[in-house]
Amino acid sequence: MEPKYKRILLKVSGEALAGPAKTGIADDMLLQVADQVKAIHDLGVEIGIVVGGGNFWRGRTSEGMDRATADYMGMLATVINSLGLQDAFKRRGIPVRVMTAIEMNKVADTYTNRGAVEALKNGEVVIFGAGLGSPFFSTDTTAALRAVEIGADVILLAKKVDAVYDSDPEKNPDAKPFKHLTHQEVLEKRLGVMDSTAASLCMDNGVAIHVFGLAEPENVFKAVCGEPIGTVIE
């Protein structure tokens, strides 16, 4: 099959890496992501990845802790996940590089836009860790900004749920999925696909968003090839 996109930004939620345990990292989930990434890498697609940290830490839900401190802890959680993915990719023979917004040269390269784009052009998968390196910004905003910076055609949002719904499907069994939405509808309906800062950034820069479930083993491949799964926002 021919890919629909040349360069993508894949956002992987931390919770998705935890698997059924809902915390920590499940090795089989790391390898499942690696297998999906390998399938599209073999098509010649250039791949950037932003991974969340919610399987270890969610700064915004911390009560009584200084918000900046909690957010920095969340950034470090994303680095743990980034290194886990890097190891899984190497086991699958995928050229990969972790770049972090906070300098930690013993474990990863420091992010620069030029370095990231050069790595992508050379066929390396680039994993962006440590968010934006500043508190008060989510990994959603990180994904949106990195997508704009590297010139990605689309953000692929691989989540626990398989689409965008009109209400929480875990709480409402009658929740209805959307097939297509506009960025404006996402903001107006407050659908929670991404936070408002990230959604606005995508809208202002014309970056499409494709939301789908990570659990199905071929969904990343299907999304890259333009198959009608999940929800497309453009």
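Colleague: What is the strand order in the open sheet, and what kind of pairing does the sheet have?

Modeller: Bear in mind that this is a predicted model. The open sheet has 9 strands, running 4-3-5-2-1-6-10-11-9, and the pairing is mixed.

Colleague: Which strands stand at the edges?

Modeller: Those are strand 4 (109-110) and strand 9 (180-181). Each has a single partner strand, so one side of each lacks a neighbour in the sheet.

Colleague: Let's stay with strand 9. In which sense do strand 9 and strand 11 pair, parallel or antiparallel?

Modeller: Strand 9 pairs with strand 11 (residues 231-233) in the parallel sense, over 2 bridges. Within that pairing, L181 sits opposite I233 of strand 11.

Colleague: On to the inside. How many residues are in the largest nonpolar core, and which have the most contacts inside it?

Modeller: That core has 37 residues, and I8, L10, V37, I49, L85 and F89 have the most contacts inside it. Helix 2 (residues 27-41) is the top contributor, giving 7 residues. Another core, of 29 residues, lies apart from it; L181 is among its members, as are V50, C202 and V211.

Colleague: What is I8 in contact with, leaving aside neighbours within four places in sequence?

Modeller: I8's contacts include I40, V45, I47, I150, V154, L156 and V224. E46 and G48 are also on the list.

Colleague: And the cysteines: how many disulfides does the structure hold?

Modeller: In general, a disulfide is a covalent bond between the sulfur atoms of two cysteines. Here there are 0.

Colleague: Is C202 buried or exposed?

Modeller: C202 is buried, because its relative accessible area is 0%, under the 20% cut-off. C225 is buried too, at 13%.

Methods: Residues are numbered from 1 along each chain as its sequence is written. This is a predicted model: local features need pLDDT of at least 70, side-chain atom pairs count only at pLDDT 80 or more; totals for chains, interfaces and linings use all residues. Side-chain values use heavy atoms; hydrogens and water are left out. A nonpolar core is a set of buried Ala, Val, Leu, Ile, Met, Phe, Trp, Tyr and Cys residues joined through side-chain atoms within 4.5 Å. Buried means under 20% relative accessible area, exposed over 50%, partly exposed in between (1.4 Å probe, protein chains only). Helices (H or I, at least four residues) and strands (E, at least two) are DSSP runs, numbered from the N terminus. Contact means heavy atoms within 4.5 Å. Two strands pair if DSSP finds at least two bridges between them. A disulfide is a pair of cysteine sulfur atoms within 2.5 Å.
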